[in-house]
Amino acid sequence: MHRALIALLLFATVAQAAPPNIGPELGAASRFGQTERPDLLEAALANGIRSLRDEIYWERVEQGPGVFRFDQPMTAWPGPLGAGGGEASLIVNHRHADYDGGTTPFSAGAMRAQAGFAAAALAEFPALEAVEIGNEVNSPNFLEGPVRDAGLEARAGYHVSQLAAVREAVAGTGARVLGGGVHSIPLGYLAHVVAAGGAELMDSLALHPYDTPPESFPAQIAELRRMPAFADMPVEVTEFGLTDAAAAPGYLMRYYCAMALSGVSHAVWYPLADRGDGLAPLLTAEGEITPVGRTFKLLQRELQGRPARDASPDPFTRACIFGDQHLLIWGAARSLDLAQGLVAFGPDGLPRLAGPLALSEEVPLLIRSTRAPISVEMLGLGPQSVLADSFLQFGYPKGRKLRSPGDGFERFGKRDGTIHPLVTKPGQERDGVPWVPYRAAEYDGGLRLLPDMLLPAGDAAMPFEMVHAYVAHEPMPVLLEVSLSPSARSSDGVGLAIALDGVVLLEEVVTAPQAITLGPLELARGARLEIAVGPEEIADGDDSRYRFRVLHRRD
C-alpha cells in the first residue's frame, strides 16, 4: 500500500465526535473452552463476574460439513453461563483438521465453514452476545500456515476476509462483531485493515494493550481516533492484565479511569482464574476472590455505567469523576484533606478512616461524596513539587516540533551536533518497530522514543543520542531525578551525560538499573538542563527503560 495513503488514513483531521465516556462494562477472560471447571463458573457468577470472553474449539464441534454438536462440557459451557444470568463473547480463531490442512483458515471455503460454526454457536447459546474475530492477529503467536507466514499487509487482508465471512453468517443474530483483535495499539497494521475494508465490517475494535501503561493509554487512543475509520467506532479492550499481583489492584483502577476517558465500552481483565502464565487472576484456583478480584467488584459496583469526565488538576495528578458522587485519583505524592461528606476507599473497597491521606502514583483512591456533587476542589490537595516528568507528560506532537503541548521537556535526537526532531510514527507500520505509536527521527536512523522506553542509535564513532532538555521558566533550586535501566540484551550499556548550560555535571556508562538524583541545582531563568543517552560502543540491545523528573526543591 502506498505510504502517502497510509499517512492519510492514519492522520487525517476528522470532525466526528468520539463515543460518550462512561465507566466501561467489566468482563473477564475465562478458559471454559479448554478446561472442565463448572465450580469456577459458579464462583464467577457468585462474585458477580457475569461477562466472560472465551472460546469453543471448532474442531470439537463440527463432526462433518455443517454438522455441529455442542455435547461436551468444554463446548456447552455457555448454557450454564446463560442460565446463571451471564453472557460472553466468543473468540473465533481456531482451526479444523478438515479445512486448509488444519492451519489458520486462508481459503474462502475454510473461512465460510468457520463462519458457519460461529453462527451455529450463536444459535445454540443465547448467552453469546458477541464474536471476536481473531486473537492478536498482528502477532504470529496464535496463527499457523500461510496466514502466519504472510507479511503485515497480506495478514490484514486475511483478517478482513474472515471478518466478512463471519459478518455475513451471523447477520440478523444481534451479536456484535469485534474486529482487529490486535496485540498492543498498532496503528500501522490497522491502516492495512482499514485499506482492505475491515472497518466497515466490525461493530467494535478489539485491543489488547499490554504494551501501554494506563497513563499512556488516552494519548495513544487519541492517535487512533485521528484515523477517520476509528474516529467514532466503539473500542473494546478484550484483554488487559498484570503479572505483579501486589500491584494489580492499583493498575486495574488506573486503567479503568484511562479507558473510561478514552471511550472504551467493554474492558476484559485477563484472566478470570490462574492460567499458568503469571498474570494476576480475579479468582484463585479454588474459586476464592483475590485482591484484584475485590477491586474488580468495587469498580463494577461503584463506577460501571456512570458518565465519566476528566478532572485531572495538573499533568502529574490523574483524576476521573464518575457521575456526580465518585472520584478516582492518583499521582505525584501530595497530601489530601477531604471536605466534610467525603469518604476515601482503597482498591480493597475498605474506607480509609484513620491516619493522614496522601496520593500515590501506583495506588489510587476512590473518593465518594455522601452529600454534594464531588469536585477536585473538595479534596484539599496539598502542594507537590514536580516541574517536568518525561513519563506523565509524554505526547505525540504533530509535525517536527521538539515539544508536544503541555510537555515540560524538549525531546530530540542529536547527531554530530545536529538536532533531529522526533516525529510521531504509527506503530507496527513495518517489522522491527514498536507496536504502539512512538517517536523517531524523521529519516528514522534507528532512534526510538516511547513514554517509558528509549533507544539510542549509532556507535561510539558517530553516536545518535536521545536528548531531553528542560528550560527553566524562572529562577529556582531544583532536583533532577534520573532513572535509567538498559535492557539485559545490551552488549555494553549506554552512555549517560547530564549538562547544565553546556557544563557537564555527570558523565558515565550505565550497564545496570540506575537511580540518580542531582542537586539542588540553582537554575537561572532560561537555564537549560539536558539529559543525553547514547550508545557506548554500539547500540545493539540498548533499548532502555527511563524516567526523568525535575522537582522544585522546597526547603
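Phenylalanine 70 and phenylalanine 125 are both buried (under 20% relative accessible area, with exposed over 50% and partly exposed in between; 1.4 Å probe, protein chains only). This is a predicted model: local features need pLDDT of at least 70, side-chain atom pairs count only at pLDDT 80 or more, and totals for chains, interfaces and linings use all residues. Residues are numbered from 1 along each chain as its sequence is written, and side-chain values use heavy atoms, leaving out hydrogens and water.

The structure holds 13 aromatic pairs. Rings of Phe, Tyr and Trp (its six-membered ring) pair if their centres lie within 6.5 Å; planes under 30 degrees apart are stacked, over 60 edge-to-face, the rest tilted. Two of the pairs are tabulated here.

| Pair | Centre to centre | Angle between planes | Class |
|---|---|---|---|
| Phenylalanine 70 and phenylalanine 125 | 5.4 Å | 85° | edge-to-face |
| Phenylalanine 394 and tyrosine 396 | 5.3 Å | 80° | edge-to-face |

Phenylalanine 70 sits in the loop between β4 (67-68) and α4 (73-76), and phenylalanine 125 in the loop between α6 and β6 (128-133), so their pair ties together parts 55 residues apart in sequence. Helices (H or I, at least four residues) and strands (E, at least two) are DSSP runs, numbered from the N terminus. Phenylalanine 394 and tyrosine 396 are buried. One aromatic cluster is formed by Phe217, Phe240, Tyr251, Tyr255 and Trp269.

Which residues of α6 and α8 make the contact? On α6 they are Met111, Arg112, Gln114, Ala115, Gly116, Ala119 and Leu122. On α8 they are Tyr158, Ser161, Gln162, Ala165, Val166, Ala169 and Val170. Contact means heavy atoms within 4.5 Å.
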